[in-house]
Amino acid sequence: MKKRILYFLFAAVLGTAGANAQWKPVSGKIASPWSEKINPENPLPEYPRPQLTRENNWKNLNGLWQYTILPKAAADQLPASYEGSILVPYAVESSLSGVGKTVGKDSVLWYNRIIDIPSSMRKGRLLLHFGAVDWAAQIYINGVQVATHEGGYDPFSVDITKALKKGAKQSVAVRVWDPTDEGPQPAGKQVKNPHGIWYTPVTGIWQTVWLEHVPETYITSVKHTPDIDKQELAVSVVTEQLQPGDQIRVSVWDGASQVATQTGTDGNTIRLPVPNAKLWSPQHPFLYDLKIAVLRKGKVIDQAGSYFGMRKSSVAKDKNGIFRMLLNNEFVFQYGPLDQGWWPDGLYTAPTDAALKFDIEQTRALGFNMIRKHIKVEPARWYYYCDKLGVLVWQDMPSGDRGGNVWDQYPGFISGLPLDKERTAASEAIHKKEWKAIMDHLHNYPSIVCWVPFNEAWGQFKTKEIVEWTMAYDPSRLVNAASGGNYVKGLPGHIMDLHRYPAPMMPDPDIYGDKQALVLGEFGGLGLPVEGHTWVSSGNWGYQSFKDQTALYDKYEEFINRLPDLIKRGLSAAVYTQTTDVEVETNGLYTYDRKVLKYPLERMFRLHQQLYDKKLVP
C-alpha cells in the first residue's frame, strides 16, 4: 500500500514537472502577481457556473492543449500535426498562453487534446461546455464535427455523447477563426494594430472548458426574476427529455430555512412567494438559495442549485420633477469605475480566480458601489463575486463594426449627417444574436442593474429598434441606450448619458431631466505612469497627466468634491475612468499589473462617502 501511495505521489510530481517544462509565460511584458501562482496542470480550477451548479458531476479541461496556426484558405480537415503546447484558457496572443502569437483574419487557430473520460461519466449524457471562444468555433470529437458556434462573449455547450468511442481516451479538437476588427462581429477594444484606447487581439478559448455528466433527463437552464413589490420570484426552468407526468420542483431557501416551494412543468413560469424579503443592496448583499429538481413519480431525476437576490432597478421622478435612478424604490447614487477587465499577462483572462476577485474587492475597499463593465463580458464567477460583495453593475454590449458614425448627442452640435450607422444585414444579425445571448447568459445576476447596448456611437445602428427591444426583453433592468453616443431625437431608454473629460459635468436637467435619468457615463482619466509598471517604456498617456501621486490625488479630490452639487441638481450616477491602466493608457486607479495603487485607499473611501448622503436629495 505504501509503495502504491509513493508511486502516485511520484507520478503527480513528474506530471507537474512535465507541464512546467512544456509551458512558461512569454517574456517581455509586465505581469500581475498571480501569474507566478498558476499551475499549468490545473489553471482556473474553480467551478465555472455558479448560477446552475452540479458540483459533483464535472471535470475541468483547462491545461495544456496542442495548437497550430494554419492559413484560413486551407481545407477544414484536422491538422496532421501541431506546433506545440498552449495553456488553455488563455488566448493565444497572451503571455500566459505560452505562445504569444497573433492569428488574424487570414489564418485559423486549431486546438487539440486527448481527454480521459471516467466510466462514471459514460452513463447518461456528456456535455462539453465552453465559457467563451472568440470568435467562430468548430468543435470536433474523435475527428467528427459535432457543433459550430459564433460569438466571443457567450458560453455554449455541446452534447458529445453520441460522438464518443469505446474506451476512456477521446480526442477533442477546436478550430477558431477570428477577424478581430477586420470583421463585422463584436470585438470590443480589440484591434489588429493596438494603439491609444484600442488593445491587443484576443483569439480562441479564453474561458474555462469543462465536461459535465448529466442524466438522460436534465435541467438545461433556469431563469429567475425578482419582484419586490409583489414579494415573489418568477422562475422558468428548461429541460431536456422531460417525460409526460414529470414535474419540476423549485424551492427558495434562506440558509437552512425553506421559504417557499412550488412545482410546475417545463418552460412554464413558476411563481414563489418571498414575503418580508431581505433586499439585496450594496449595503446588504443578501442572497437566497434556489434548489431545482426534476421529479418522476416522486423520485428526483436531476437536481441543480442556484441563487438570487431580491432587488429592483427602476426610475422615478423626485419632488422636483427630475428622474432619478432607484434601487429598491429608493434613490441611491451610483458611483464606480470604468472597468475594462484586461490583464497584462492574460489579456481577457484573469490569471487566477483570486485575481478575478481582486479588482472587485479593491473597488469596494476604495468606496465605490458600482462598476461599469466596459465593452466586455466577464466569466460567470466575476458576476458571482459582484453579487456576493454588493457591487452594482452596468453591463456594456461589446462593440463591433466600428466607424462611420457621427457623435451628435447634444443640441448645438450640428453635422447634418445620419446618426445611425449603416451596417450590413449580416453584421446586424450577428450583433442582435450575441446581445440576446449575453442578456440570457447574465439575466440571473442581481448585481446587474443596467444594460448598455451602445457606447460612444461605435457601430451604433437602428438605435430606437435595439433599445426598445432591450427594454421589452428585460423590463426588470434599466437601459442606458447610448452611453456617451449619438443622441437620436426621442431616444427611448431610461437614461441620458454624457461623457466628458477630464472634469465632471452632467446633461442639462432643463432639457433632459423630466424625460430620463441623468448620468455622467465617463469622466476623469487622470494619468500617472509608474516606472517599472507600464506596458511600454514611452508613449503612455492619460486624459490629464501628472508626475506624482500627491498632485494626482489632489485633482481627483477636487473633481469628487464637485459631484454633490451635481447630485442635488439631478445627477443619478457617475463613472470614473478607470479601474486599472490598460496597455498604453495610464489613467487607472491601479497600475496595469495591479502591483501599485496610485491613490491612498482609506482617504479615497472616506472621500466617496459624501456621494451617498441621502440628504443630498430630499
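This is a predicted model: local features need pLDDT of at least 70, side-chain atom pairs count only at pLDDT 80 or more; totals for chains, interfaces and linings use all residues.
For the residue classes here, Ala, Val, Leu, Ile, Met, Phe, Trp, Tyr, Cys and Pro count as nonpolar, Asp, Glu, Lys and Arg as charged, and the others, Gly among them, as polar. Residues are numbered from 1 along each chain as its sequence is written, and side-chain values use heavy atoms, with hydrogens and water left out.

**Cavities**

- Searching the whole structure turns up 5 cavities of 30 Å³ or more. On a 1 Å grid over the protein atoms alone, a cavity is a set of points where a 1.4 Å probe fits but cannot get out, and a pocket is an open set with protein on both sides within 12 Å along at least five of seven lines; lining residues have an atom within 4 Å of a point.
- The largest cavity comes out at about 80 Å³, where a volume is the space filled by probe spheres set on the points, and grid points are joined across faces, edges and corners.
- Among the residues lining the largest cavity are His224, Phe308, Arg311, His443, Tyr445 and Arg477.
- Strand β13 (residues 218-227) gives the largest share of that lining, 3 residues; strands (E, at least two residues) and helices (H or I, at least four) are DSSP runs, numbered from the N terminus.

- The largest pocket holds about 1,300 Å³ of space. Its lining runs to 50 residues, with Arg49, Pro155, Phe156, Ser157 and His441 the closest to its centre.
- Elements that each supply at least two residues of the largest pocket's lining include β5 (125-130), β14 (232-240), α2 (353-365) and α4 (425-442). Sorted by class, this lining has 22 nonpolar, 15 polar and 13 charged residues.
- In the second largest pocket there is about 270 Å³ of space. Of its 14 lining residues, Pro50, Thr53, Asp289, Tyr307 and Tyr384 lie nearest the centre.
- β18 (288-296), β19 (299-308) and α3 give two or more residues to the lining of the second largest pocket, which divides into 6 nonpolar, 3 polar and 5 charged.

**Helix packing**

- Helices α7 (residues 549-569) and α8 (residues 601-609) pack at about 15°, their axes 10 Å apart. Axes are lines fitted to C-alpha atoms, for helices over the stretch in contact, and angles run from 0 to 180 degrees between N-to-C directions.
- That angle makes α7 roughly parallel to α8 (under 35 degrees counts as roughly parallel, over 145 as roughly antiparallel, 65 to 115 as roughly perpendicular and the rest as oblique).
- Tyr553, Tyr556, Glu557, Ile560 and Asn561 in α7 meet Arg603, Met604, Leu607 and His608 in α8, contact meaning heavy atoms within 4.5 Å. By class, the residues of this contact are 5 nonpolar, 2 polar and 2 charged.
- The axes of α4 and α5 (residues 463-473) come within 12 Å and cross at roughly 25°, which makes α4 roughly parallel to α5.
- On the α4 side, Lys432, Trp435, Lys436, Met439 and Asp440 meet Glu465, Ile466, Trp469, Thr470 and Tyr473 of α5.

**Backbone**

- The Val88 to Pro89 peptide bond is cis, with omega near 20°.
- Asp134 and Trp135 are also joined by a cis peptide bond, with omega about 15°.
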